[in-house]
Amino acid sequence: MITKNKQKGFALVLALVLLLAMSLMGGALIVIASSDHQGNNSSDEYQQTFYVAETALMQGQKSLINKMIGPINNTDGTRNIEGRYIPRNGDSDNDGVANDPAPEQTPCFRSFRNLSRDSDFRVVEHVKNQIFFDLIQPVFDASSFPRQAGVDTTAEIEKEREKLGRYTYEFFTVNAGVAEYKGAGMSLNKTSSNSQRVGTAYKIYGCGMLGNAINPVILIPLETIIVLSH
């Protein structure tokens with residue numbers, strides 16, 4: 001009887017040890033899966049913020065082109081060539097803003113270490129706190145989503161609206177001075193050649209941000225240079 005009691009006691013202890021080990025293993029697996037899920041979400045958010053920063057650069061380039069060759073008339077889609085001009089830093093004669101102030105020291109602006117912090121530093125324009133979703137909102141119109149039989153996409157659309165509405169972008173441009181503009185042309189004898197004309201170089205700085213633009217959760221700064229022909 002004593003031997004049987006010892007065996008029962010040993011089996012109980014062994015069962016408790018195995019239960020504890022399995023509980024620890026299960027907890028560890030939950031922690032690992034949760035960490036992987038959070039890591040994937042962070043990676044997705046970082047990638048989306050990068051795309052928003054690229055959008056900021058494209059919007060800055062689009063704004064410069066509209067100034068250089070004239071804005072588009074909303075009525076007929078033509079360009080108002082009478083309203084074109086060469087954008088200059090803090091040039092109040094053309095942009096309609098008197099006494100252009102220095103750019104605001106936003107988190108996006110401060111993220112570029114090569115920019116001057118002096119109060120007399122001027123830019124062509126500084127566009128802040130633009131909601132990324134406003135650009136792509138037409139894509140989320142109900143007519144843009146094909147309805148599948150028995151499937152309601154309304155909840156999914158609203159979920160994407162809420163998600164993308166958290167992203168903002170900001171851009172500002174700087175007139176960097178005269179530069180050579182190289183483009184393809186044709187000579188008099190109809191042979192291909194390269195033509196060089198005087199142009200203006202612009203530096204475009206753009207940021208994609210997740211969360212509040214004053215204190216973003218993720219901020220990705222990008223910059224590029226373009227040369228526009230006169």
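Some conventions before I start. Numbering runs from 1 along each chain as its sequence is written, and because this is a predicted model, local features need pLDDT of at least 70, side-chain atom pairs count only at pLDDT 80 or more, and totals for chains, interfaces and linings use all residues. Side-chain values use heavy atoms, with hydrogens and water left out.

Fold first. The chain has five helices and four strands, where helices (H or I, at least four residues) and strands (E, at least two) are DSSP runs numbered from the N terminus. Along the sequence the order is α-α-α-β-α-α-β-β-β. Accessible areas here are Shrake-Rupley values with a 1.4 Å probe, and for residues only the protein chains shown count as cover. There are 230 residues, of which 29% count as buried. Buried means under 20% relative accessible area, exposed means over 50%, and partly exposed is in between, with a 1.4 Å probe and protein chains only. Taking contacts with a separation of 6 or more, 63% come from residues 24 or more positions apart; a contact means heavy atoms within 4.5 Å.

Which residues have the most contacts inside the largest nonpolar core? They are Leu 64 and Tyr 202, in a core of 23 residues. A nonpolar core is a set of buried Ala, Val, Leu, Ile, Met, Phe, Trp, Tyr and Cys residues joined through side-chain atoms within 4.5 Å. Two or more residues of this core come from each of helix 1, helix 4 (132-136), helix 5 (154-164), strand 2 (167-186), strand 3 (192-210) and strand 4 (218-229). Helix 1 gives the largest share, six residues. Setting aside neighbours within four places in sequence, Tyr 202 has contacts that include Leu 64, Met 68, Ile 86, Val 124, Val 174 and Ile 226. Apart from this core lies another, of 10 residues, including Cys 108, Phe 112, Phe 172 and Tyr 205.

On to the rings. How many aromatic pairs does a search of the whole structure find? The count is six. The rule is that rings of Phe, Tyr and Trp (its six-membered ring) pair if their centres lie within 6.5 Å; planes under 30 degrees apart are stacked, over 60 edge-to-face, and the rest tilted. Phe 50 and Tyr 51 are edge-to-face, because their ring centres are 6.4 Å apart and their planes are at 65°. Phe 50 is partly exposed at 28% relative accessibility, and Tyr 51 is partly exposed at 41%. Phe 109 and Phe 121 make a tilted pair, at 6.2 Å centre to centre with 55° between the planes. Phe 109 sits in helix 3 (residues 107-110) and Phe 121 in the loop between helix 3 and strand 1 (125-131), 12 residues apart. Both of these phenylalanines, Phe 109 and Phe 121, are buried.

Now the charges. The structure has four salt bridges, each a side-chain nitrogen of Lys or Arg within 4 Å of a carboxyl oxygen of Asp or Glu. Glu 45 pairs with Arg 166, with the closest N and O atoms 4.0 Å apart. Glu 45 is in helix 1 and Arg 166 in the loop between helix 5 and strand 2, so this pair ties together parts 121 residues apart in sequence. Lys 128 and Glu 104 form another salt bridge, at 3.8 Å from N to O. Lys 128 is in strand 1 and Glu 104 in the loop between helix 2 (92-95) and helix 3, so parts 24 residues apart in sequence are tied together. Glu 158 and Arg 161 also form a salt bridge, at 3.5 Å; both lie in helix 5, three residues apart, about one turn of the helix.

Last, the surface. Leu 12, Leu 16 and Leu 19 form a nonpolar patch with about 310 Å² of accessible area together. Leu 16 lies in helix 1 (residues 2-69). Patches take residues with over 30% relative accessible area and no salt bridge, joining like charges within 9 Å and nonpolar side chains (Val, Leu, Ile, Met, Phe, Trp, Tyr) within 5 Å.
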